[in-house]
Amino acid sequence: MQKIKIAISSFGNIGQAIFNTYQDHVAKFLLKNDISLVGIIRRNAGKKINGIPVVSDVRALKTKPDVILCAGPSGHVKEDIKKFLKLGISTVDCYDAHPNIIKYREELGKIAVKKHAVSILASGWDPGFDSIQRALFAQLSPIGETFTTFGPGRSMGHTTEVKGIRGVKDAVSLTLPNKMAPGTHIRKVYVVADKAERKRIEKEIINHPYFAKDPTTVKFVPSISKYDTNKHQGNVLNFGKDVNVEITLAGINPVMTANMMYASARAAFRACAAQKYGCFTVVELPPLDFIQGKTAKERLQAIKY
């Protein structure tokens with residue numbers, strides 16, 4: 001069976017979770033595993049990790065990947081995606097700045113089409129998996145209103161943005177549902193920083209685009225260990241005429257994102273093989289294209305249709 005060759009770009013929490021997902025699939029499916037990890041791309045190239053080459057430039061890999069899973073933070077990942085697409089390599093990412101997705105889809109799509117590649121944008125658990133649920137809710141309850149509420153849990157994107165602020169030694173950003181207004185959230189940010197830096201840091205956090213629209217509390221602490229967690233959850237609800245739907249997704253935040261990205265590698269590969277070039281979000285591609293299995297029949301059986 002032809003295996004889909006992937007590489008992981010960036011090896012933080014999500015990159016490591018993708019690596020673990022790959023190892024789990026190899027252990028479970030053995031020879032039937034449909035994906036082969038051919039490299040890890042990170043700034044600090046070095047020794048192999050469990051036999052997988054680690055390079056700073058994808059062109060240094062002996063085997064060219066079919067799809068690169070771009071696991072970097074949203075604030076920086078777009079440039080990585082562009083770089084790989086311009087090399088004619090398809091990409092999957094977990095970009096999570098919701099308001100910019102449609103704009104970036106058009107921008108990345110032009111590059112992907114020109115280079116005969118596929119980019120799957122915003123393929124995490126939200127945006128991503130939950131986006132699919134919202135699309136389904138629009139079918140089942142077309143005149144209903146859909147809300148998505150996150151938390152309690154750790155937001156990786158918000159935490160990364162806070163850690164990027166000058167003077168922040170460590171931080172975690174927690175998301176809590178705002179019970180007074182469905183679909184909105186409260187942010188609690190715990191920061192380790194020198195006293196002289198705190199006033200400026202708090203102002204930067206509260207005014208940051210990731211936090212500006214939500215009630216945000218910043219607390220300076222000696223250590224974040226008491227508050228830190230990898231867990232998160234989301235609830236997608238629709239209240240309509242004669243129809244009420246709710247889906248709850250809960251688990252380890254980077255693992256949920258990694259699993260969606262790993263599955264999306266299949267969809268990117270299949271779209272490229274069908275010469276369906278461009279940038280797509282997960283709701284635009286057939287659900288069966290994300291599932292392991294050589295034929296449609298195998299995949300239908302896998303989901304116990």
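## Basis of the model

This is a predicted model, in which local features need pLDDT of at least 70 and side-chain atom pairs count only at pLDDT 80 or more, while totals for chains, interfaces and linings use all residues. Residues are numbered from 1 along each chain as its sequence is written, and side-chain values use heavy atoms, with hydrogens and water left out.

## An open antiparallel sheet

Strands (DSSP runs of E, at least two residues, numbered from the N terminus, as helices are from runs of H or I of at least four) are said to pair if DSSP finds at least two bridges between them. Three of them form an open sheet with antiparallel pairing, in the order β8-β13-β14. Because β8 (145-150) and β14 (244-252) stand at the edges with a single partner strand each, one side of each is left without a neighbour in the sheet. From one strand to the next the twist averages 10 degrees, where axes are lines fitted to C-alpha atoms and angles run from 0 to 180 degrees between N-to-C directions.

Six bridges join β8 to β13 (residues 231-239) in the antiparallel sense, and Thr149 has Asn235 in β13 as its bridge partner.

## A strand covered on both faces

Strand β7 (residues 118-121) runs parallel to β15 and is joined to it by four bridges; the bridge partner of Ile120 in β15 is Phe280. In a regular strand the side chains alternate between the two faces of the sheet. In β15 (residues 278-281), Gly278 and Phe280 on one side and Cys279 and Thr281 on the other are all buried, that is, under 20% relative accessible area with a 1.4 Å probe and protein chains only, whereas exposed means over 50% and partly exposed lies in between.

A search of the whole structure for disulfides (pairs of cysteine sulfur atoms within 2.5 Å) finds zero. Cys94 is in no disulfide, and the nearest cysteine sulfur, that of Cys70, is 8.9 Å away; Cys94 is buried, at a relative accessible area of 12%. For Cys272, the closest cysteine sulfur is that of Cys279, at 13 Å, which is too far for a bond, and Cys272 counts as partly exposed at 22% relative accessibility.

## Helices around a pocket

Among the residues lining the second largest pocket, His25, Phe29, Arg266, Ile291 and Gln292 lie nearest its centre. Helices α1 (13-29), α7 (253-273) and α8 (296-302) each supply at least two lining residues, and α7 gives the most, with six.

Methods. On a 1 Å grid over the protein atoms alone, a cavity is a set of points where a 1.4 Å probe fits but cannot get out, and a pocket is an open set with protein on both sides within 12 Å along at least five of seven lines; lining residues have an atom within 4 Å of a point.
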